[in-house]
Every structure is written in C-alpha cells, then in structure tokens.
Amino acid sequence: MSKREITQAEKRIAGLDRIFKRIYEDDISGTISHERFVELSADYEAEQKELAEQVKAWRDAVATFERDQGDFHRFAAIVRKYVAIRELTPTIVNEFVKEIIVHAPDKSSGHRRQKIELVRNFIGEVNLPGDDQTVARQRQDGTA
C-alpha cells in the first residue's frame, strides 16, 4: 500500500458517488428498472464501504510506518552521537532508556529473583533472546 493507492481508492469512492447519482436519476426517469437500480446501488454501496475501510486501514498503516521511521531516525542519531562510549553516564542512560521497571521478587520459587524490564526510548521494550540465561549465568559467576 502506498499513498498513491490511497489516492486512487479515494478517487474511486468519489466516482462511485457520481455513478450512484446517475443510476438514481435513471431510476427516477425510468431509464432503468427499479429492481436494477436496487441491485446496482447495493453493489456500489458495498464496494464503497469496502474501499472506505481499506483506506482507513491503509492510512493507519502509513501513519504507523511514518511514526516508526521517525523514531528510528531519532534513535539512530543518538547512537551515532555515542559511537565510542568510554564511560556510561546518567545522561547517556537517560537518552537510551525511557523507563526501568523492577518487579517484586517471586517468593513462591524460593529465590530472590527480580525481573527487570528496560523500556528503551523510541523502540519500547525489547526482550532479547537469552536475556534470562545471561542474567542467571552472571549470578552464578558472581558478576551480576
């Protein structure tokens, strides 16, 4: 789906309005039978409704894509800014991390394990494969 396809669908919706008006006039003037008018108008209305729903879905998808693309560009700019980080400072953490969520320990397992979630700026929460294993391994090694 592209903006061009959205524009074409909107033109077709407007065209269907014009067609509907013409067949209505043909119905009134007796050029076509009323039964034929009812059939045609039902078909055109169904097509118009389907196109309107499609256009809405496409517009939502385009808006989401454009928002995500903007988030990516802002994130990439921050990453480029800190290419050679030598020291992790609060300023750097604040630019990359939107929120840190620390959950209460799970007492039912007998361990004092706490789940920590990092919500990153621009990309939300990311659960990387192996995160749980890495934390468990670091605890065993005494590095966490």
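Which helix does Gln-48 lie in? Select Gln-48 and you'll land in helix 2. Here, helices (H or I, at least four residues) and strands (E, at least two) are DSSP runs, numbered from the N terminus.

Two notes before we move on. This is a predicted model, with residues numbered from 1 along each chain as its sequence is written, and local features need pLDDT of at least 70, side-chain atom pairs count only at pLDDT 80 or more, and totals for chains, interfaces and linings use all residues. Side-chain values use heavy atoms, with hydrogens and water left out.

**Stop 1: the whole chain**

Zoom out and colour by secondary structure. The protein chain has four helices and three strands, and from the N terminus on they run α-α-α-β-β-β-α. There are 144 residues, and 17% of them count as buried. Buried means under 20% relative accessible area, exposed means over 50%, and partly exposed is in between (1.4 Å probe, protein chains only). The chain exposes about 11400 Å², with carbon and sulfur atoms supplying 53% of that; accessible areas come from the Shrake-Rupley method with a 1.4 Å probe, and for residues only the protein chains shown count as cover.

**Stop 2: helix 1**

Select 3-29, which is helix 1. At 1.5 Å a residue, its 27 residues should span 39 Å, and the end C-alpha atoms are 39 Å apart, which agrees. (The expected span is 1.5 Å times one less than the number of residues.) Buried residues of helix 1 include Gly-15 and Asp-27, and what covers the buried residues of this helix includes helix 2. Just after helix 1, click on Gly-30: this residue takes a positive phi of about 90 degrees.

**Stop 3: helix 2**

Now select 34-81 for helix 2. Its 48 residues should span 70 Å at 1.5 Å a residue, and its end C-alpha atoms agree, being 70 Å apart. The buried residues of helix 2 pack against helix 1 and helix 3 (90-96).

Go back to Gln-48. Is Gln-48 buried or exposed? It counts as buried, at 19% relative accessibility. Leaving out residues up to four places away in sequence, Gln-48 touches Ile-13, Leu-16 and Asp-17, where contact means heavy atoms within 4.5 Å.

Ser-41 is buried, with a relative accessible area of 9%. Not counting residues up to four places away in sequence, Ser-41 touches Phe-20 and Ile-23.

**Stop 4: the nonpolar core**

Select Ile-6, Ala-9, Ile-13, Leu-16, Ile-19, Ile-23, Phe-37, Leu-40, Leu-51, Val-55 and Val-62, and show their side chains: these eleven residues form the largest nonpolar core. Helix 1 and helix 2 each supply at least two residues of this core, and helix 1 gives the most, with six residues. A nonpolar core is a set of buried Ala, Val, Leu, Ile, Met, Phe, Trp, Tyr and Cys residues joined through side-chain atoms within 4.5 Å.

Apart from its neighbours within four places in sequence, Leu-16 is in contact with Tyr-44, Glu-47, Gln-48 and Leu-51.

**Stop 5: the salt bridges**

Side chains of opposite charge can pair when their charged atoms come close. A salt bridge is a side-chain nitrogen of Lys or Arg within 4 Å of a carboxyl oxygen of Asp or Glu. By this rule the count comes to five.

Start with Lys-3 and Glu-66, whose side chains meet at 3.0 Å, N to O. The pair links distant parts of the chain, with Lys-3 in helix 1 and Glu-66 in helix 2, 63 residues apart. Lys-3 counts as exposed at 55% relative accessibility, whereas Glu-66 is partly exposed at 38%.

Then select Arg-59 and Glu-10, where the salt bridge is 2.4 Å, N to O. Arg-59 lies in helix 2 and Glu-10 in helix 1, so the pair ties together parts that are 49 residues apart in sequence.

For another kind of pairing, look at Arg-36 and Glu-39, which meet in a salt bridge of 3.2 Å, N to O. Being three residues apart in helix 2, they are separated by about one helical turn.
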